[in-house]
Amino acid sequence: MVHVLKGWLTSANEWERERALQVCAHVLGACKERFELMRGRPCKRFGSLVGLLATLTSDCLATSRQRAWVCLGYLLQMQARTMEVVPQADEIRCLGEELNSPDTVQTCAKIAKAVCKCIPPAQATDFLTAVLPSLLHVTPTCVKPLWKWVFIFLVECRKEIVQEVPKILKTLCTYMRQSTHRPFLLWAVFLLAHFHQEPVISSLLRKGLPMDSDTVELWRSLGRSTIGIQVLRCLVEKLNRARNNCLGTNSSACEWHNHETALETLMITHAISEVVLALRSTEELRQLLPHLLPSLLRWASETLGEERLLSPLGEGGRQLFLKGQVLEEKPCRVFLMALELVLGKCMAEKWMRLLMNRAAWALLEDPLTHSDGVRLLTSVLVHAGLLSPCLKQTLFPWLDSCSVKLRVTATAFFAELSWDCSTTRTRE
């Protein structure tokens with residue numbers, strides 16, 4: 001019955017909303033009485049009903065606000081049979097009285113906290129699926145209070161919604177096209193990532209390539225946020241783990257796995273580029289460089305000479321196209337562009353200009369001149385003071401790697417390092 005009334009509950013006419021809430025209150029009141037006679041069972045539609053009624057607690061009419069709270073009160077009383085955190089009758093009455101004041105922002109926040117704690121984890125997506133469409137109908141003055149419900153829900157229920165994070169993120173992202181609500185939505189995604197960093201990052205990475213503008217904006221907003229360096233560190237760890245998943249045999253199963261790993265590393269690297277581009281803390285990025293630089297250089301070396309990494313595997317294999325498109329740019333270039341962006345944030349402009357003037361990136365991308373590019377890059381890192389013991393320790397095992405490309409890279413790196421050291425001692 002309540003969902004039948006949805007059209008009137010979301011009406012632009014305030015009197016239609018008030019009348020629909022009056023009917024809704026009668027319906028839920030009767031349900032509560034029957035519910036008590038049946039000794040209580042879980043309310044299976046609690047989340048969606050709360051989402052539908054939430055926006056009306058900040059309605060322009062005081063009578064509508066009161067009736068919306070009466071409806072929520074009935075739902076809470078039914079929910080009280082199965083939960084311990086439900087507000088008591090005195091608290092429900094006090095909050096209802098506060099809704100009579102002209103400024104209802106603080107009261108709505110209190111109501112949201114009291115109600116959101118009662119939403120079962122399995123109904124988290126139902127709540128958002130019901131509350132977010134209301135954004136298309138509410139008056140401008142109700143937009144902020146309605147998003148407040150979403151924010152409070154994500155904070156108050158953070159422990160209970162762990163398993164629902166991918167679904168919640170997907171539901172939020174469907175409203176990215178609504179430019180009016182985009183700043184609020186980005187903050188909601190930040191809150192979700194703040195408490196559930198790994199599942200949010202994994203879900204965004206599953207969006208695939210090429211990145212659409214919405215995904216790019218999500219990565220950049222996370223990069224600008226207070227958890228930007230944490231997000232980047234998580235991406236670096238994922239890139240390092242992908243290195244361990246890459247197999248070296250030629251069986252069809254392993255070939256498929258290697259292509260899957262290639263897809264993963266490209267997506268992670270694109271995400272790294274967007275986060276680094278928006279990152280505010282240069283010093284923290286420098287501290288992460290000994291872990292980030294080897295990963296990017298490693299994949300750039302491994303994909304040298306690859307013209308089109310993503311190609312069909314034939315019958316029985318997965319068609320490795322991304323959203324129906326073949327990736328045009330060379331894989332090696334993707335990793336080098338990310339490396340250039342990272343170094344641009346970590347070193348002085350004169351060193352970046354030196355790398356550009358000597359065509360370092362073109363040298364690194366060409367299999368025939370790759371070792372020259374590595375030597376040039378190593379020399380610049382030394383003079384820029386970015387060559388840490390941790391970086392050398394990471395690259396040292398490459399000298400004995402089963403990959404010829406990695407051995408070439410490591411040999412060039414340590415050869416230049418030895419040359420710079422001997423040159424420095426000679427000058428001294």
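**From a buried threonine to a cavity**

Threonine 265 lies in helix 14 (residues 252-278); helices are DSSP runs of H or I with at least four residues, numbered from the N terminus. This is a predicted model, in which local features need pLDDT of at least 70, side-chain atom pairs count only at pLDDT 80 or more, and totals for chains, interfaces and linings use all residues. Residues are numbered from 1 along each chain as its sequence is written, and side-chain values use heavy atoms, without hydrogens and water.

Threonine 265 counts as buried because its relative accessibility is 1% (buried means under 20% relative accessible area, with a 1.4 Å probe and protein chains only). Neighbours within four places in sequence aside, threonine 265 contacts Leu239, Ala242, Trp299 and Phe335 (heavy atoms within 4.5 Å).

Helix 15 covers residues 282-302, and its 21 residues should span 30 Å at 1.5 Å a residue; the end C-alpha atoms are 28 Å apart, which agrees. The expected span is 1.5 Å times one less than the number of residues. Helix 15 bends by about 60° at leucine 289, with proline 290 following within four residues; the bend is the angle between axes fitted to the seven residues ending there and the seven starting there.

The structure holds two cavities of 30 Å³ or more, a cavity being a set of points on a 1 Å grid over the protein atoms alone where a 1.4 Å probe fits but cannot get out. The second largest cavity has a volume of about 40 Å³, the space filled by probe spheres set on the points. Helix 15, helix 19 (370-383) and helix 20 (389-395) each give two or more residues to its lining. The largest share, four residues, comes from helix 19.

Terms used
1 Å grid on protein atoms, 1.4 Å probe; cavity = no way out; pocket = protein on both sides within 12 Å on 5 of 7 lines; lining within 4 Å. Buried < 20%, exposed > 50% of the residue type's maximum accessible area, 1.4 Å probe, protein only.
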